[in-house]
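This report walks through a two-chain model, one chain at a time and then together. Please keep the structure open while reading.

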Amino acid sequence: MRYPNGKLALDGVDLTVRAGELVTILGSNGSGKTTLLRCIARLQNPSEGQVLVGGEDLARLNGEALRRARLALAMVFQRANLVRRRSVLANVASGTLGRRRTLWTTFGGLPAEELPAARELLRKVGVERLGAQRADTLSGGQAQRVAIARALAQSPKLVLADEPVASLDPEAAEEIMRLLRQLAVENGLAVLCVLHQPALAQRYSHRVVGLRDGLVVFDLPAAFCADQEIALLYKDLAA
Amino acid sequence: MSVDGAALDVAPRPARSAAQEPGAAALSKVGFTRRLVRGVVVLAATAIVAQSFYVVQARPGDLITGVHGMVDIIRRAMPPAWGDIADIAWPALETVDLAIFGTVFGVLMAVPLAVMAAANVTPARPLYYLARAIIALTRAVPDLVWALLFVTAVGLGPFPGALALAVHSIGMLGRLFAEVIEDMDFGPVEALTLTGASRLQVFTHAVVPGVAPSLLGIGLYRFDENLRSSLVLGFVGAGGIGFRLLTAMNLFQYQTVSLLLIATFILVMAAERGSALLRRQVA
């Protein structure tokens, strides 16, 4: 991935995430973590290379085909990015818009047949009582759970999470990470998560990938990822 | 007279800065420059205000000699012609309806225009410039001038006034709406785009809930402004209370004039309070 201003943000990153696996990416600010996720989701266009999701190359698709291919991947952002003035339940149900394209939903209606499933998802992420509340009344941790429920409503194969716990207190952060791991293990999703907390990465992920200046520095099972590897990512900056 | 005015403007300048210098010498150089700049700004502002007095030919004396003329008019305007209330009910309704028509059509036209004129959601660059041009044109021409144009085009009566308000509102609302859309939180839009939703779905499910309350508030405020404008539009023959006011003035019916002014006051206050109340509800 090269930015129009000539800065090379990602250089030959080759990464595979299997179903049922939680992979975290660590790296300092500007190492290319977020760019990598945004390239995979095609919020930015990679200048070279492939993004294969379920065998389809997202980097080559455009328009309607891209929209269809995106159904297989869901994203959770640092800020929950909920529609603040709508109810929690409406926010979750809007995750299904991609496969419920009717005249009704085109003009702002919610797919009624998805509401029971949306309630079930809220229960799964542990906020079933908040369904009727407006999204802007939630705490950070609650909002992030709802955002995860919305991502799940899409029934994706791959979940991308961009610093999902960066704006949460430590306790809420642990709970969100536990939830993400549970999705990988119990629902067989592939989860790719960008983190700033090495400790959380070591504890919850199956694999840890270190990124530095757009290059993969290491790609290790979490059990083998020790503090000295992590120190490699941040060394220069500390000195 | 003009020489006098010019002398008055310029004279204090050397005097003031000379008086400042001894004190400033004790201060640091930076402090001195700042004081000098401040002094110049104050002088310039005084000069600007002074020339405005001269140009508008302000003669405070005339206010005093004119008092008995005003008292005479007020005396002749009392008591208000309460008997005419039934007569002015229709023009009052016309005034309110002018504002309603102008606001509703202004909003209806301004929303699609604002979508095109918001840099972040505009469908195409040429449309962006076209929409911006329409907004600039309809905004720059005052509603009174629009009313004059429409009176010429469609004749006397409330309709040209309603059109004038609608057209001017398009520009005023279009710009504010576009700004609201540009300042919108883009997170939810990105999030819904990634769920594979269509462009129109993203618009109705993320953009609309995000901006609707602000748009409603701006629209209500516009109604308030349009009501006040519609009172004046009658002066150029575009119907409503203004037209009755002009007629009554020309016929020296000052008691009717005072009644009309009371009606105007009530309408404006009601619109202001009502729109503020509703705006609080949607905020």
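## Two chains and their contacts

Among contacts in chain B between residues at least 6 apart in sequence, 72% join residues at least 24 apart. For chain A, 67% of the contacts with a separation of 6 or more come from residues 24 or more positions apart. The model is predicted.

The table sets out the two chains.

| Chain | Residues | Buried residues | Source of the row |
|---|---|---|---|
| Chain A | 239 residues | 42% | buried share of chain A |
| Chain B | 283 residues | 34% | buried share of chain B |

Chain A holds nine helices and eight strands. Chain B has 13 helices and zero strands.

**Strand 6 of chain A**

Start with strand 6 of chain A, residues 190-194. Five of its five residues are buried. Both faces are covered. One side carries A:Ala190, A:Leu192 and A:Val194. The other carries A:Val191 and A:Cys193. In a regular strand, side chains alternate between the two faces of the sheet.

Which strands pair with strand 6 of chain A in the parallel sense? Strand 1 (residues 22-26) of chain A runs parallel to strand 6 of chain A and is joined to it by four bridges. Here A:Leu22 stands opposite A:Val191. Strand 5 (residues 158-162) of chain A is also parallel to strand 6 of chain A, with five bridges. A:Asp162 stands opposite A:Val194.

Leaving aside neighbours within four places in sequence, A:Val191 is in contact with A:Leu22, A:Val159, A:Ala161, A:Leu180, A:Leu183 and A:Ala184. The largest nonpolar core has 123 residues, and A:Val191 is one of the three that touch the most other members, along with A:Val92 and A:Val146. Helix 9 (residues 158-182) of chain B gives this core its largest share, 13 residues. In soluble globular proteins, nonpolar side chains tend to be buried together.

**A hairpin in chain A**

Strand 7 (residues 207-212) and strand 8 (residues 215-221) of chain A pair in the antiparallel sense over six bridges. A:Val209 has A:Asp219 as its bridge partner in strand 8 of chain A. The two strands form a hairpin with two residues between them. In the turn, A:Asp213 has a positive phi of about 50 degrees.

**Helices of chain B**

Helix 9 of chain B contains B:Val167. B:Val167 is buried because 23 other C-beta atoms lie within 10 Å, where 20 or more are required. Beyond neighbours within four places in sequence, B:Val167 is in contact with B:Thr138 and B:Trp146. The C-alpha atoms of B:Val167 and B:Gly106 are separated by 6.5 Å, though the two residues are 61 residues apart along the chain.

Helix 6 (residues 85-117) of chain B has 33 residues. At 1.5 Å a residue, helix 6 of chain B should span 48 Å. Its end C-alpha atoms are 46 Å apart, which agrees. A kink of about 30 degrees lies at B:Ala110 in helix 6 of chain B, shortly before the proline B:Pro112.

**The interface**

How many residues of each chain are in contact across the interface? The count is 25 residues of chain A and 19 residues of chain B. On chain A, helix 2 (63-70), strand 4 (73-76) and helix 4 (103-106) each supply at least two residues of the side that touches chain B. Helix 2 of chain A makes the largest share, three residues. The residues of this side divide into 10 nonpolar, eight polar and seven charged.

Technical notes: Residues are numbered from 1 along each chain as its sequence is written. Chains are lettered from A and ligands numbered from 1 in the order in which they are written. This is a predicted model: local features need pLDDT of at least 70, side-chain atom pairs count only at pLDDT 80 or more; totals for chains, interfaces and linings use all residues. Two residues are in contact if their C-beta atoms, placed from the backbone, lie within 7 Å. Ala, Val, Leu, Ile, Met, Phe, Trp, Tyr, Cys and Pro count as nonpolar, Asp, Glu, Lys and Arg as charged, and the others, Gly among them, as polar. Two strands pair if DSSP finds at least two bridges between them. A residue is buried if 20 or more other C-beta atoms lie within 10 Å of its own, exposed if 12 or fewer, and partly exposed in between; C-beta atoms are placed from the backbone. The expected span of a helix is 1.5 Å times one less than its number of residues. The bend at a residue is the angle between axes fitted to the seven residues ending there and the seven starting there. A nonpolar core is a set of buried Ala, Val, Leu, Ile, Met, Phe, Trp, Tyr and Cys residues joined through C-beta atoms within 7 Å.
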